[in-house]
Amino acid sequence: MTRIITITASKGGVTKTTTAVTLAHALAGQQKKVLLIDTDPQGHCAISLGMDPEPCLFNVLATDAPLINNLRSTNRPNLWLLPSNQKTKTLVSLLAVQIAQGDIGRSDIAEHFHKLAEDYDALVFDTAAAGILQEIAVGMADVVIIPTALDNLAMDGVAHTLAAVEKFNPQAQRIILPTLYQRQSLYDANLQLLQEAYSGLVCAPVPHSAAVREAVAHGQTIWEFVARSETLTAAREVYAELTQRIIQPEASS
């Protein structure tokens, strides 16, 4: 049975795409057949993997084009990508009109995604901060991962995102992933506040790392990028632990 993981946050700039790509590649490294679906018009999943954004999600959902013609190999074992680009904005508008007119329902779109995922062990959604596709991806998820920086505005976004999860999928497993962590009093204080407010949901923080940004710039994941960096090593450790939490949820509960 396919395990569906949605990476979402109501605020940008919290390494949402980096988390989606890193987790998808980590799961593929655990011999899971993984489909990464980019529902964000920015198309950053493709860029992060050294590929070009394309209107593949639009083609599949708006024109019923076959998945096989729009699926892209990432040239990484067990990992495939359904890319996005700016035409996803047109797709979102089209779906909103169709839903408003009663031509389709959200469940129809979710069912389409479920069919795409049938041949995979894991489906990983990267989402925009809001919108129909984000809501559907949250509603489908077995696990919702909420990356958050540790500044006050980003942390306020955690509450908004959790409210959306409660609305669309209260049964989903929820994981809060602090990112861009640096050892300073504000971040430490906010991390403690997160841990107290959402006991049991908060992972170890992913450190702020120049090497992680360099990996993205080279179109590589953190598992591929070669650099002597303590923060890169620490980031790998956090994401490896998160991957095991996804694969063996009962062991982390």
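This is a predicted model: local features need pLDDT of at least 70, side-chain atom pairs count only at pLDDT 80 or more; totals for chains, interfaces and linings use all residues.

Biologist: What stands opposite D126 in strand 5 besides that?
Modeller: D38 stands opposite D126.

Biologist: How many bridges join strand 1 to strand 5, and do they run parallel or antiparallel?
Modeller: There are 5 bridges between strand 1 (residues 3-7) and strand 5, and the two run parallel. Strand 2 is also joined to strand 5 by 5 bridges, again in parallel.

Biologist: How many residues of strand 5 are buried?
Modeller: 5 of the 5, across residues 122-126. So strand 5 is largely enclosed by the rest of the structure.

Biologist: Which residues sit on which side?
Modeller: A122, V124 and D126 are on one side of strand 5, with L123 and F125 on the other. Both faces are covered.

Biologist: What does V124 touch?
Modeller: Leaving out residues up to four places away in sequence, V124 touches I5, I7, A20, A24, L27, V34, L35, L36 and I37.

Biologist: And the nonpolar core, how many residues are in the largest one?
Modeller: It has 35 residues. I5, L36, V124 and I145 have the most contacts inside it. There is also a second, separate core of 26 residues, and I4, C56, F58 and I136 are among them.

Biologist: Switching to charges. How many salt bridges are there?
Modeller: A search of the whole structure gives 6.

Biologist: Which residue does D40 meet?
Modeller: K16, through a side-chain salt bridge at 3.9 Å, N to O. The pair links distant parts of the chain, 24 residues apart. D40 is in the loop between strand 2 (34-38) and helix 2 (44-48), while K16 is in helix 1 (residues 16-29).

Biologist: Are D40 and K16 buried or exposed?
Modeller: Both are buried. D126 comes back here too: K16, D40 and D126 are linked in a network of salt bridges.

Biologist: Give me another pair. What does E224 meet?
Modeller: R76, in a salt bridge of 2.8 Å, N to O. E224 is in the loop between helix 10 (210-217) and helix 11 (230-247) and R76 is in strand 3 (residues 72-76), so the pair ties together parts that are 148 residues apart in sequence.

Biologist: How accessible is E224?
Modeller: E224 is partly exposed, at a relative accessible area of 27%. R76 is buried, at 9%.

Biologist: Which residue does R106 meet?
Modeller: E135, at 2.5 Å, N to O. R106 counts as partly exposed, with 37% relative accessibility.

Biologist: Now helices. How far does helix 11 reach?
Modeller: Its 18 residues reach 26 Å from first C-alpha to last, close to the 26 Å expected at 1.5 Å a residue.

Biologist: Which residues of helix 11 are buried?
Modeller: L232, A235, V238, Y239, L242, T243, R245 and I246. Down the axis of helix 11, the buried residues fall within an arc of 155°, so they line one face of the helix. On the other side, E230, E237 and E241 are exposed.

Biologist: Why would residues three or four places apart point the same way?
Modeller: Because an α-helix has 3.6 residues a turn.

Biologist: Which residues are buried in helix 5?
Modeller: T88, L91 and L95. Seen down the axis of helix 5, the buried residues fall within an arc of 45°, so they line one face.

Biologist: What covers the buried residues of helix 5?
Modeller: The cover includes helix 3, helix 6 and helix 7.

Biologist: And what follows helix 5?
Modeller: G102, with a positive phi near 80°.

Biologist: Last one. Where is L61?
Modeller: L61 is in helix 3 (residues 56-62). L61 is buried, with a relative accessible area of 12%.

Biologist: What does L61 touch?
Modeller: L91, H112, F113 and L133, not counting residues up to four places away in sequence. L91 is also one of the buried residues of helix 5.

Note on methods: Residues are numbered from 1 along each chain as its sequence is written. Side-chain values use heavy atoms; hydrogens and water are left out. A salt bridge is a side-chain nitrogen of Lys or Arg within 4 Å of a carboxyl oxygen of Asp or Glu. Helices (H or I, at least four residues) and strands (E, at least two) are DSSP runs, numbered from the N terminus. Buried means under 20% relative accessible area, exposed over 50%, partly exposed in between (1.4 Å probe, protein chains only). Two strands pair if DSSP finds at least two bridges between them. A nonpolar core is a set of buried Ala, Val, Leu, Ile, Met, Phe, Trp, Tyr and Cys residues joined through side-chain atoms within 4.5 Å. Contact means heavy atoms within 4.5 Å. The expected span of a helix is 1.5 Å times one less than its number of residues. The arc is that of the directions from the helix axis to the C-beta atoms.
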